[in-house]
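Reader: Before we go through the labels, please show me the model. I would like each term set against its cut-off.

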Amino acid sequence: LVESWSSIVHDNKPLIIKNVVELQKINANNPAWYKSLTKSRVYNLVLCPLSFEGELIGYIWATNFEVDNTERIKDTLELTTFFLSSEISRFRLLNRLHMLSTVDLLTGAFNRNAMNSRVDSMANDNDPGVHPLGVIFADLNGLKRVNDTKGHEAGDILLKNAALILQEVFIGYEIYRAGGDEFFILLKDASKEEVIEKETELRKAIAANGTLSFAIGHSYVESTKDVLRAFHEADESMYADKRKFYMEHKELDQRRG
């Protein structure tokens, strides 16, 4: 019903209905709305559209007021929509700044800045509650080779596809791109069995994809306060997996190139 108001309210100008006679004119263009208004015993109305950067995002209105106050009510509602639009603009700007500071725009994962903030928060948390934590490191194999042979655009596509795989497997968990070809996932409140299951699920998803290769390592600690130890252990586990990969695929080892 609200979506139908745009057929009556034009050019972001307020709609003013002062009496029942004017209200009846709505019936010709929007009988459903007219029926709703009369059912609610509305006999006058000031309706102001709320827009932001040319986009209609809502309405604010007043009904059943003293007709002598119509102009004052209209002015008040228009001023209110101005303040609301300003507040929305400020909120969206702050939200975008927060996104730029915490999200990796290429992959949609959280970025290194967000990772450092999250890890520091966990390590210094004074919450007496104990929350187990799983950490999974996933390092994308072969990114340098793709960048060198096919260009960075192809490398970016590889990174995006890698992130998509991680997002499909780790729904509901925190995924970070630590930098370059390194991703890590925080599995807060997951059991050790769940962490291992998720790593296995990731390996199966990679095998099914056929175009991606990750070196993977995991760690599990009984408390988020041990997050730094979990990071260290997962990192060592991942590098052991990476060494194994390049031992089996020496032709792809360009890490020192």
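Author: D189 counts as partly exposed because its relative accessibility is 45%, and the class lies between buried (under 20% relative accessible area) and exposed (over 50%), with a 1.4 Å probe and protein chains only. This is a predicted model, in which local features need pLDDT of at least 70, side-chain atom pairs count only at pLDDT 80 or more, and totals for chains, interfaces and linings use all residues. Residues are numbered from 1 along each chain as its sequence is written, and side-chain values use heavy atoms, with hydrogens and water left out.

Reader: Where is D189, and what is its phi?

Author: D189 sits in the loop between β6 (182-188) and α7. Its phi is positive, about 65°, although D189 is not a glycine. The helices (H or I, at least four residues) and strands (E, at least two) are DSSP runs, numbered from the N terminus.

Reader: What makes N64 partly exposed?

Author: The relative accessibility of N64 is 32%, so N64 counts as partly exposed. N64 is in the loop between β3 and α3, and its phi is near 55°, a positive value in a residue other than glycine.

Reader: Why is E199 called buried?

Author: E199 has 9% relative accessibility and therefore counts as buried. E199 belongs to helix α7. Leaving aside residues up to four places away in sequence, E199 touches I136, I216 and H218, where contact means heavy atoms within 4.5 Å. Between E199 and D139 there are 60 residues in sequence and 13 Å in space, C-alpha to C-alpha.

Reader: And S223, why is that residue buried?

Author: The relative accessible area of S223 is 12%, so S223 is buried. S223 lies in the loop between β7 (214-221) and α8. Residues up to four places away in sequence aside, S223 touches V130, H131 and P132. S223 and A123 are 100 residues apart in sequence, yet 9.5 Å apart in space from C-alpha to C-alpha.

Reader: Why is α4 called oblique to α8?

Author: The axes of α4 and helix α8 (residues 227-248) come within 8 Å and cross at roughly 125°. That makes α4 oblique to α8, because angles under 35 degrees count as roughly parallel, over 145 as roughly antiparallel, 65 to 115 as roughly perpendicular and the rest as oblique. Axes are lines fitted to C-alpha atoms, for helices over the stretch in contact, and angles run from 0 to 180 degrees between N-to-C directions.

Reader: Which residues make the contact of α4 with α8, and how do they divide by class?

Author: M115, V119, M122 and A123 of α4 meet V227, L228 and F231 of α8. The contact of α4 with α8 has 7 nonpolar, no polar and no charged residues. Here Ala, Val, Leu, Ile, Met, Phe, Trp, Tyr, Cys and Pro are nonpolar, Asp, Glu, Lys and Arg charged, and the others, Gly among them, polar.

Reader: What makes α6 oblique to α7?

Author: The axes of helix α6 (residues 152-169) and helix α7 (residues 192-209) come within 10 Å and cross at roughly 135°. That angle makes α6 oblique to α7. On the α6 side the contact involves I165, L166 and V169, and on the α7 side K198, E201, L202, A205 and N209. By class there are 5 nonpolar, 1 polar and 2 charged residues in the contact of α6 with α7.
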